[in-house]
Amino acid sequence: MKPRGSLAYRLLGVRPGALLELYRYRLRHHVAEELLAGAGIAVGVALVFGVLLANGSLTGQAGRLVHAVIGSARLDLSARSVDGFPESLAEAAGRLPGVQVASPVLREDVAVAGPRGGRRLVQLIGVTASLTALESEATRNLGAGTLILSGGVGLPGGLASAIGTRAGRPVELISGGQIEHVDVRAVFGNQTIGPVAESPVVVALLPSAQQLTGHPGRVTEVFIRPKPGAQGMVERELRRLAAGRLDVGPADGELRLLDEAAQPVEQSTRLFAAVGLVVGVMLALNAMILTVPDRRRFVAEIRRQGFTSRQVIAILASQAALLGLASSFVGIALGYALARLLFHEVPLILTFAFPISSQQSASAMTVLAAVGCGVLAALCAQLPPALDLRSKAIDEPLRRPGEPGQSIDRATAARLGVLGVLLVLGAIAIALAAPSLTILGGILLVAAVLCLVPALIASIVAALTPIGDRLRGSMLPLALSEVRATATRSVVVVGIAAVAVYGSVAMQGARHDLIRGLDNAVVDYLDTADVWVTTSNNTLNVVPFELKAAQTKLAHTSGVAAVRAYQGALMDFDARRLWLRARSPSAPRMLEPSQMLSGELTLANRRLRAGGWSAISSALAAELHLRVGDSIRLPTPSGVERFGVAAITTNIGWTPGAITINTNDYRRLWRSASPTALEVELRPGIGPQQGRRIVARAILGQRPGLLVQTLAEREAVYKASVNQGLKSLGEISTLLLVASALAIAATISAAIWQRRAQLATLKAQGFVRRQLLRELLLESAILLVGGGLLGAVLGVLGHALASRWLQATTGFPAPFAFGGVQVLLVFGVLAGVSLVAIALPGYSAAKVSPSRTYQW
Amino acid sequence: MSALELHRLVKRYQSGGGEVVRAVDGISLQVAPGELHALYGPSGSGKTTLLALLARLIEPDSGSIHFGGRDVTRLSAADSALYRRRDVGFVFQSFHLMAGATALSNAALKLIADGHSMNGARDLAQHWIERVGLAGRAEHLPAQLSMGERQRVAIARALVNEPRLLLMDEPTGNLDSARSREILALLRDVCHERRIPGVLVTHDPQATAFVDHVHTLRDGRLRAGVEDELVAP
């Protein structure tokens, strides 16, 4: 027989058509196992893709938005406060040599309400026609159409439909506590303004925006497009013009700031994606492990028939690729649905500082990465039969009775166990030596879980065997024998259980620590007042309002003991958008005791009241190598100012970091007496609701757009924001657990069903159904308990590492607290779902007739 | 066509207790083109090991096997695969059929490795499926065939590549007398028609009527002739 000379044959050694035929034969007989494997891969891909899509869009969408607005602008001259700077300065920037286009913009956080009611926090952007000269995606199609906005505002289509309005109808714009009714002149869709159509922004002409925000003649930034080759010169000139009072940087500098702020989300995404991938591989391997003996016999037979190693690999790889690709695309669809249904909410706190929304779009890279993970999972599952190619004893799998390749020898289990212990120690060492790499440590722990499983099973069997041998009428010896005999399958089932419990315990534990820490921060932050007056539910409290006369009147109102101004702002400092907080020197305390990490509280409070001192968050202190007693130079609208470091705190829930000063310093340097919140203390005997009414009566007449909330109401807003931000973390870990439990149940059920011949033989020996069912459940329980325990132990360690990372690297308040109940709950869910799902097929299989032993 | 020559072939195994067993102990044998030799022997005498050596599934510890003008014991792994694919047709006691493929597709499997399409391979295998008496069962799956029918599929698979050397391990083990005679006749005819050497391991007493030479393998050593006790009644 002469070989055919086609290119595919020369490359693969087998014709593509023949490869497809061989897989068709496989599917015909093993459709259930392939479906199970495919389902496992799809679940893993869905987890990976859903998480990547939800969180990849965070910075991706912001990037598209920023570039859609700035277009060809390369530089940005921006204010250091919401009050902005004079328009004349923007005009001066435009006249600088080397500047081709200078487009002034006013940006301010406002709220908008439509016919549907409810306020939406958005960013008002006041623009001029010069923005169209930047030829950005958002303005390319506007052209002279910007004039249509005259006297009103334009809304993106997404926002307009969310608040139930359309062009020609009025909306309420709340800025600085004032409510303005303004007409919607235009609603812009994707085709007009690109990705801005889904962003939480309102567009107006600059004069209108200045009037609406009460900042006549002011802008907050200027986008600059230098002439070709003149960027360096223009940047120098801009810095000279800024005179240390304004910031000069790249036009898309906001993206760097968002990257920094979104760090914990990105890191946890990576960890979850890694855990999801491992679970996906395990699930696929789990299902395909049922067919490993058959595959190994197939490989042995075709090698015997003269297929070369290359041809065998081509066959195995093609089957893995087909399964992987088909399952991955199902997983992509599932992951997209997950991202839309469960993971679509952007952490609320990020939206207070960046104009991002929950629009998701999958990039080609995200899809490819997810599909790649699915194919990789399928290829890994083909590894056991492929490993036989190393052996020269070609037909050994055919000559050994029973299921070949099911045993894992003690030496291998011991070596893997040692490796697992080393990985655990390595993870701990990494976390201690380089806290920023703790997430890597978390991934090492996943590998450690897998390595420790064989030794764990061997240990469990060794420990239970003497017990089983002594018990009368127990099915334990039989169960242990089966666990030993099907070691490979047992390892995979235990592995899935362990990884799933590990992931859930670590993530849920860290989440609970974080919530507890942030809740403490919230209580400490807010309980300096009985009633809070703010512009909105923006928990950063950075939007100022004017309330001079009403504030004075309020202070003298019966029932009110004291009124203090609170001032907050966002400050761009290198790559960080810091949260600046300024408390009145007369406040009961300047700092939250629960958030102190370094420094003496009483002394720190005293220093802050005196002025010239600040408290800074730990990540910032670490980056600048600062300790208590050192000083920090802060960029203010009045120029760079030196502050002493009175204390080092957590980040108070804001990832890039927080700085605390007093309101006297703030007023002097930010040249603003406008509060961003009022802290109202009530006299003894005045209840919270009564107090709220008193305050509302005093101020809402002048500023109807302000929010008056009791301490409890304000705390609830903060805690809701915290929970919202961490909600997806909890959802992902629950999903992981449930998916793993169902996969374990499906695999054990399939394995039980395959063992009907063996069960028939036992029945023929005299065992009754009840005994067989006990044996099946006992065997499953041994695997689940073993895997659950291992996962729980390493999960607690993972939890400790994750909380340490949150505290040490990001500065979040997340004091570790062992949650025994939570561990039990995770384990209970996994075991409960699995055992319930196994019970029915186990019951059916145990009913097999003993006469069937002669049929198989 | 080539003769098959074995020269002082030795294969040792270490048993579980550490004892060294000489499964093939210095066997020399010549099988001329067109001859079919039968090997009888008790269980554990080394018959399957000898066939595995001839099929290049395992390496001998010493000795040589000459076929087609070359010492096949010196073949590389890739050349051994080619040798099994193109030169050898064999059926072992433990064989594996693809559960999802029909009898015809299973018989055609080997041809795919030589670059045939599945359809083309099936066309070529059809003749052999008919010659082993499975014309009416060609589209049945293995689960629908009896053990004997599955064995005949394996035999068809061994012949489909028109081998130059036949190696058979109990090819009639699962067949009734009439079928056994048919298969033995087929094997003899193939060897004679194509003038290829064949080695047949068997316990079937009917085989002696269809082969050219009979040998006995005991404790790894070869003797001419067969002892009555080694032939199944």
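The paragraphs below lead from chain A as a whole to one of its strands, then to the interface with chain B and to a sheet in chain B.

The model is predicted, so that local features need pLDDT of at least 70 and side-chain atom pairs count only at pLDDT 80 or more, while totals for chains, interfaces and linings use all residues. Residues are numbered from 1 along each chain as its sequence is written, chains are lettered from A and ligands numbered from 1 in the order in which they are written, and side-chain values use heavy atoms, with hydrogens and water left out.

Chain A has 28 helices and 21 strands, where helices (H or I, at least four residues) and strands (E, at least two) are DSSP runs numbered from the N terminus. Its C-alpha atoms fill a box of roughly 95 × 70 × 50 Å along the principal axes. Of the 856 residues in chain A, 57% count as buried, a term that means under 20% relative accessible area, with exposed meaning over 50% and partly exposed in between (1.4 Å probe, protein chains only). Among contacts (heavy atoms within 4.5 Å) in chain A between residues at least 6 apart in sequence, 82% join residues at least 24 apart.

One residue of helix α2 of chain A is A:Leu47, which counts as buried because its relative accessibility is 4%. Between the C-alpha atoms of A:Leu47 and A:Val184, which are 137 residues apart along the chain, the separation is 41 Å.

Strand β14 of chain A, residues 576–583, is mostly covered, with 8 of its 8 residues buried. A:Arg576, A:Leu578, A:Leu580 and A:Ala582 point one way from β14(A), whereas A:Arg577, A:Trp579, A:Arg581 and A:Arg583 point the other way, and all are buried. Strands of a sheet pair through backbone hydrogen bonds, either parallel or antiparallel, and two strands are taken as paired if DSSP finds at least two bridges between them. Strand β13 of chain A (residues 560–573) pairs with β14(A) in the antiparallel sense over 7 bridges, and A:Met571 stands opposite A:Leu578 in β14(A). These two strands, β13(A) and β14(A), form a hairpin with 2 residues between them, and A:Asp574 in the turn has a positive phi of about 55 degrees. With strand β19 of chain A (residues 658–662), β14(A) pairs in the parallel sense over 5 bridges, and there A:Ala658 is the bridge partner of A:Trp579.

At the interface, 32 residues of chain A are in contact with 33 residues of chain B. The area buried between the two chains (accessible area, 1.4 Å probe, lost on being put together and summed over both) is about 3000 Å², of which carbon and sulfur atoms give 60%. The rule for salt bridges (a side-chain nitrogen of Lys or Arg within 4 Å of a carboxyl oxygen of Asp or Glu) finds 2 across this interface. B:Arg122 forms a salt bridge with A:Glu21, their closest N and O atoms being 3.7 Å apart. The elements that give two or more residues to the side of chain A that touches chain B are α2 (16–70), α10 (292–304) and α15 (396–399) of chain A, and the largest share, 7 residues, comes from α10(A).

In chain B, an open sheet of 4 strands has the order β2-β1-β4-β5, with antiparallel pairing. Strands β2 (20–31) and β5 (70–71) of chain B stand at the edges, each with a single partner strand, so one side of each is left without a neighbour in the sheet. Strand β1 (residues 4–14) and strand β4 (residues 62–67) of chain B pair in the antiparallel sense over 5 bridges, and B:Leu4 stands opposite B:Phe67 in β4(B).
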